Amino acid sequence: MSNDTDISVLNGLIKTTLDSMKGYEDAAKDAESTQYATMFADFARDRAQVATDLQDQVRALGGEPEMDSSMLAAAHRLFSDLKQAITGKDDKAIIVEVERGEDHIKAKYDEAMKNSDLSSATQAAITKGYASVREGHDRMSALKHSMA
């Protein structure tokens, strides 16, 4: 087991988790419904905590944790902002986008959890973060399907 492998996997998840946090922050700002805005803000805070926990694990391994989201996510948010400016800020459209993001982050965590080269401490940190990701994914999926 190499700390380098653990650090690389964790930093990839940190970047994706920060992307998710920023996506939820954007959704909270854009939501028409106070109920949705509050829910999105709660998930943003939860994702910030998950990222912090993963960053702590990277530090424990002697690495330098990622601190910023990815450029790809920034480009996606710009595209989403443009699309929302054209179509209007509709809660259903926002929820569809958030759920799409949740599919992406869940897939990243699923992939990391299958990595048998990781230390048990890193696997535990990923599993703990996955609980939050799974909850967010399942809630957004149920919400999207309830609006269909």
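**Aromatic cluster first**

I started with the rings: Tyr24, Tyr36, Phe40 and Phe43 form one aromatic cluster. Searching the whole structure, I found three aromatic pairs. I looked at Tyr24 and Phe40, which make a tilted pair with 6.1 Å centre to centre and 35° between the planes. This pair links distant parts of the chain, with Tyr24 in helix 1 and Phe40 in helix 2, 16 residues apart. I also checked burial, and both Tyr24 and Phe40 are buried.

**Confidence check**

A reminder to myself: this is a predicted model. The protein chain averages a pLDDT of 87, and 85% of the residues score at least 70. Helix 2 (residues 34-60) has the highest confidence, at a mean of 96, while helix 3 (residues 71-87) has the lowest, at 58.

**Nonpolar core**

Which residues touch the most other members of the largest nonpolar core? I got Phe40, Leu54, Tyr109, Ile126 and Met140, out of 35 residues in that core. Helix 1, helix 2, helix 4 and helix 5 each supply at least two residues of this core. I then followed Leu54: leaving out residues up to four places away in sequence, its contacts include Leu10, Ile14, Tyr109 and Ile126.

**Helix 5**

Helix 5 (residues 120-147) has 28 residues and reaches 40 Å from its first C-alpha to its last, close to the 40 Å expected. Its buried residues include Ala125, Ile126, Gly129, Val133, Gly136 and Met140. Among the elements covering the buried residues of helix 5, I noted helix 1, helix 2 and helix 4.

Terms used:
Residues are numbered from 1 along each chain as its sequence is written. This is a predicted model: local features need pLDDT of at least 70, side-chain atom pairs count only at pLDDT 80 or more; totals for chains, interfaces and linings use all residues. Side-chain values use heavy atoms; hydrogens and water are left out. pLDDT is the predictor's confidence in each residue, from 0 to 100. Helices (H or I, at least four residues) and strands (E, at least two) are DSSP runs, numbered from the N terminus. The expected span of a helix is 1.5 Å times one less than its number of residues. Buried means under 20% relative accessible area, exposed over 50%, partly exposed in between (1.4 Å probe, protein chains only). Contact means heavy atoms within 4.5 Å. A nonpolar core is a set of buried Ala, Val, Leu, Ile, Met, Phe, Trp, Tyr and Cys residues joined through side-chain atoms within 4.5 Å. Rings of Phe, Tyr and Trp (its six-membered ring) pair if their centres lie within 6.5 Å; planes under 30 degrees apart count as stacked, over 60 as edge-to-face and the rest as tilted.
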